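Here are my notes on the model, as numbered points. Please read them with the structure open.

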Amino acid sequence: MSNDQPIRERGSWQQMSAAERADLLERGRDKIFDPQLRAGVLEIIEDVRRNGDAGLIRAMEKFDRISLTPDRIRVSPEEFAAARKKISPELLTAIRDLLDHLRAFNEQLTRHGDWSFESEPGLMVGEKVTPIASAGLFVPSGKGSYPSVMAQLGAPAVVAGVPQIAVVVPPIPGGDGEVDPAVLVVADELGIHDVFRANGPAGIAALAFGTETVPRVRKVCGPGSPPVTCAQIEVQRYGTVSVMLLGPSESLILADDSADPYLLAADLLNEAEHGADSTSVFVTDSRALLDAVQTEVAKQLLDLPEQRAEYARSALGRNGGAVLTATIDEAAEVANAFAPEHMQVAVRDEQHVLDLLVDAGEILLGQNTTVSMANFIIGCPAALPTSGYAKVSSGVTADAFRKRTAVAKSTREALARMSDTVIAFTRHEGFPAHEFAVTRRLDR
């Protein structure tokens, strides 16, 4: 790949070998499940599980070079009060705008609550929908600070009605334990005040097991580095549920020759600038469009700070790249195989392509719908499954913080009608007590 071609060209999808396809599709997964990484993460988790606050403080000293006393793990009311004075009026307005959209989206989901119907005469079946008892939110910090992530995780949990919400936030790098005031303002706007200073895997472990300061929760979620993601996988062995997987950021853009290459380049760089472990993919059936996008990306990289430009080169080069397809239908096949976190579609026939797409965390239609809009304003979830998990899971919405309990009620007449079916199964599967539970009622 030459310097004037910042996007790695992986060639034609039809001609790519199984190994070449796997190299693209299995991005990042090996890092998350790397045995050496897992061993290191387990050591941190075990320290926090056994030693609570002391384990958290040790991890902070080792990985963040920040010394804390136990009384400083929890963010104080004074820090919440001071936070509002440290952000601009413009940012406060933006925070409230994002929260308004997130609430509106998630409130639509919660309108579909308890339900029931009579599936046959005398038999009522349905579900009771309730919030989970507690949730722990991990808001990353490191390459940047992300009040938008606090909003994307916190608003759905609040709308869902979770009674206990705890947040862990790594301190600002190079500081004395300070937490980004914008993150605290978002939490305050949502009414969340159990916020704790903690770094990656140790913070996840604190939420999963509880410490002297951090409360134990039943579900943990939040995007992060491979160690953070690995930690969320590991703590599930102890009974804490996680959302699979919210790893390093990734995006895929599917376009035909009707798309504007200038805007495509801007959108490819949108997610590519996140970090060296991000992945940005471009899929098209047009050789001419790919050439034009290569030129535009090379130009627009010059407008980025060097660190962000280097991240983007990695995301578009080593990790991601471009795939040429014979048709737009085949491009949709590639997109489904990749199952991206963020996906943008820039084609003539949006509905046709949308009908073909089944595996993506989010689908943004047209070149006026950017990933940055999805991150900061639209209200759709932006905490989304990565590493191909969009094939089996969804983004973080109010539904991630609610559970469904089946409810049924039968009359004696309905019981009599269904008894033959129950008895047929009990005799085949060898459960006489199951059969007696029915026949003894009917015999009385």
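1. Start with the contact between α6 and α7. From α6, the residues involved are L98, L99, L102, R103, N106, E107 and T110. They meet S148, A151, Q152, A155, P156 and V159 of α7. By class, the contact holds seven nonpolar, four polar and two charged residues. This is a predicted model, so every value in this note is computed from it.

2. Now the geometry of that pair. Two packed helices are described by the angle between their axes and the distance between the axes. Here α6 (residues 89-110) and α7 (residues 147-160) pack at about 35 degrees. Their axes lie 9 Å apart. The crossing of α6 past α7 is right-handed.

3. Next, the open sheet. Six strands run in the order β1-β11-β10-β9-β12-β13, with parallel pairing. The edges are β1 (9-12) and β13 (362-365). Each edge strand has a single partner, so one of its sides is left without a neighbour in the sheet. Neighbouring strands are turned by 15 degrees against each other on average, direction ignored.

4. Look at β9 (residues 250-255) within this sheet. Its parallel pairing with β12 (residues 342-346) runs over five bridges. A255 has A346 in β12 as its bridge partner. With β10, β9 pairs in the parallel sense over six bridges. There, E250 is partnered by T279 of β10.

5. Is β10 buried or exposed? Six of the six residues in β10 (residues 279-284) are buried, so the strand is largely enclosed by the rest of the structure. T279, V281 and V283 point one way. S280, F282 and T284 point the other way. Residues on both sides are buried.

6. What covers α9? After α9 comes G210, with a positive phi near 80 degrees.

7. Strands β2 (residues 115-120) and β3 (residues 123-131) run antiparallel and are joined by five bridges. Two residues lie between the strands, and G122 takes a positive phi near 90 degrees. E118 has M124 in β3 as its bridge partner.

8. What else does β3 pair with? Strand β14 (residues 402-410) pairs with β3 in the antiparallel sense over nine bridges. L123 stands opposite S410 in β14.

9. Last, T426 in helix α17 (residues 412-429). At 7% relative accessibility, T426 counts as buried, because the cut-off is under 20%. Its side chain reaches the backbone oxygen of I423 at 2.8 Å. Setting aside residues up to four places away in sequence, T426 touches F431, H434 and E435. T426 and F436 are 10 residues apart in sequence, and their C-alpha atoms are 9.5 Å apart in space.

Technical notes:
Residues are numbered from 1 along each chain as its sequence is written. This is a predicted model: local features need pLDDT of at least 70, side-chain atom pairs count only at pLDDT 80 or more; totals for chains, interfaces and linings use all residues. Side-chain values use heavy atoms; hydrogens and water are left out. Two strands pair if DSSP finds at least two bridges between them. Helices (H or I, at least four residues) and strands (E, at least two) are DSSP runs, numbered from the N terminus. Axes are lines fitted to C-alpha atoms, for helices over the stretch in contact, and angles run from 0 to 180 degrees between N-to-C directions. A crossing is left-handed if the near helix is turned anticlockwise from the far one by less than a right angle, and right-handed if clockwise. Contact means heavy atoms within 4.5 Å. Ala, Val, Leu, Ile, Met, Phe, Trp, Tyr, Cys and Pro count as nonpolar, Asp, Glu, Lys and Arg as charged, and the others, Gly among them, as polar. Buried means under 20% relative accessible area, exposed over 50%, partly exposed in between (1.4 Å probe, protein chains only). A polar contact is a pair of N or O atoms within 3.5 Å; within protein, one must be able to donate a hydrogen and the other to accept it, and residues adjacent in sequence count only if both atoms are side-chain atoms.
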